[in-house]
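Please keep the sequence and the model side by side while you read this note. The points below are numbered so that each can be checked in turn.

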Amino acid sequence: MTNRKNWPVGLSTSHFGSLAHRESEVFSEYRKAGIRVAELSQTYEALVEAGFYDRPKRISDAAAAEGVTLRSLHLPFSKALHIDHPDDEADRAAVDTYRRSMHAAAEAGIRVFVVHPSYEPIGGDRPQRMERSRSNLALLVREAESLGARLCVENLPRTCLLNSSAEMIDCLKAVPGLYMCFDSNHLLGEANPDFLRLLYEAGLAGRIGNVHISDYDFIDERHEMPGNGKNDWPAIIAGLEKLDYDGPFLYEPHANSPGRAVITPAMVAESRDRLLDEGV
């Protein structure tokens, strides 16, 4: 069982929008807030614009100059870019893009990759989409392992694949070497503490390799700060400890935009300390 006080605070770059031509500015905000761990999360187009595929170390060097480590890459996704695509050609293109992304990330020193298992909506073709997703996850696990890295599949909301503990447990057991990215803002059919308890009871301690921390209203994903939603944070944190999670407490809040509350890196760092060190 791990200790929550050893989890450093982390923050996804998705909060800042595109990094292109502003890497130093963004990672300076991390440094000022005392955040030393980042997840690189951008659209495919934004990664191309930032030169990620041609000069992957450019972004990691900009982070390192501010004392920030790029620990993980969220593989880009879109309506056309996902690993459960029913079209064979589009499916192969997605897998090739993910392989290319993983190799670029490895050059930048990143050793944790986060992937969505599907796009949506998913209807009566769910079994076929699940089979294709698992097959591609197995391929990408082997690719990650060849790079000395871990692949983490994320639980998703609504009609997406892996939107329940039952599907996640079956997937993790069916794909050796696959880890999970636990998103605290996605489950709509069961409570997060129950989801974590069922993973533990299924013998999957040690299989959570990354987390995305934010809060929501149990109606849909909201990416709010903890405390601005309905999550039972003490129970979630205890569940992660029991499952031997040993990575960063990595926040994935919404980007600042009109009509939404402003979130700053300093607020993220304060939230981590309040939840993990002070226990409130």
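The points that follow take up helix packing and then aromatic pairs.

1. Basis of the note. The model is a predicted one, in which local features need pLDDT of at least 70 and side-chain atom pairs count only at pLDDT 80 or more, while totals for chains, interfaces and linings use all residues. Residues are numbered from 1 along each chain as its sequence is written, and side-chain values use heavy atoms, with hydrogens and water left out.

2. Helices α4 and α5. Helices (H or I, at least four residues) and strands (E, at least two) are DSSP runs, numbered from the N terminus. Helix α4 covers residues 88–107 and helix α5 residues 126–146, and the two pack at an angle of about 25 degrees with axes 11 Å apart; axes here are lines fitted to C-alpha atoms, for helices over the stretch in contact, and angles run from 0 to 180 degrees between N-to-C directions. That angle makes α4 roughly parallel to α5, given that angles under 35 degrees count as roughly parallel, over 145 as roughly antiparallel, 65 to 115 as roughly perpendicular and the rest as oblique. The crossing of α4 past α5 is right-handed, a term used if the near helix is turned clockwise from the far one by less than a right angle, anticlockwise being left-handed.

3. The contact of α4 with α5. Contact means heavy atoms within 4.5 Å, and among the residues that make it are V95, Y98 and M102 of α4 together with L139, L140 and A144 of α5. The residues of this contact divide into six nonpolar, two polar and five charged, where Ala, Val, Leu, Ile, Met, Phe, Trp, Tyr, Cys and Pro count as nonpolar, Asp, Glu, Lys and Arg as charged, and the others, Gly among them, as polar.

4. Helices α6 and α7. Helix α6 (residues 165–174) packs on helix α7 (residues 192–201) at about 30 degrees, with 10 Å between the axes, which makes α6 roughly parallel to α7. Their crossing is right-handed, and S165, M168 and I169 of α6 meet F195, L198 and L199 of α7. This contact holds five nonpolar residues, one polar and no charged.

5. Helix α1 and its surroundings. Helix α1 (residues 23–33) and helix α3 (residues 57–65) have axes 8 Å apart and an angle of about 40 degrees, which makes α1 oblique to α3. E23, S24 and F27 of α1 touch R58, I59, A62 and A63 of α3. The buried residues of α1 are E23, V26, F27, S28, Y30 and A33, buried meaning under 20% relative accessible area, exposed over 50% and partly exposed in between (1.4 Å probe, protein chains only). These buried residues pack against β1, β2, α3, β3 and α9, and just after the helix G34 takes a positive phi of about 80 degrees.

6. Aromatic pairs. Rings of Phe, Tyr and Trp (its six-membered ring) pair if their centres lie within 6.5 Å, with planes under 30 degrees apart counting as stacked, over 60 as edge-to-face and the rest as tilted. By this rule there are nine aromatic pairs. How do the rings of W7 and F249 lie, and what are they called? Their centres are 6.0 Å apart and their planes at 15 degrees, so the pair is stacked. W7 lies in the segment before β1 and F249 in strand β8, 242 residues apart, so that the pair links distant parts of the chain. Both W7 and F249 are buried, and together with Y245 and Y251 they form one aromatic cluster.
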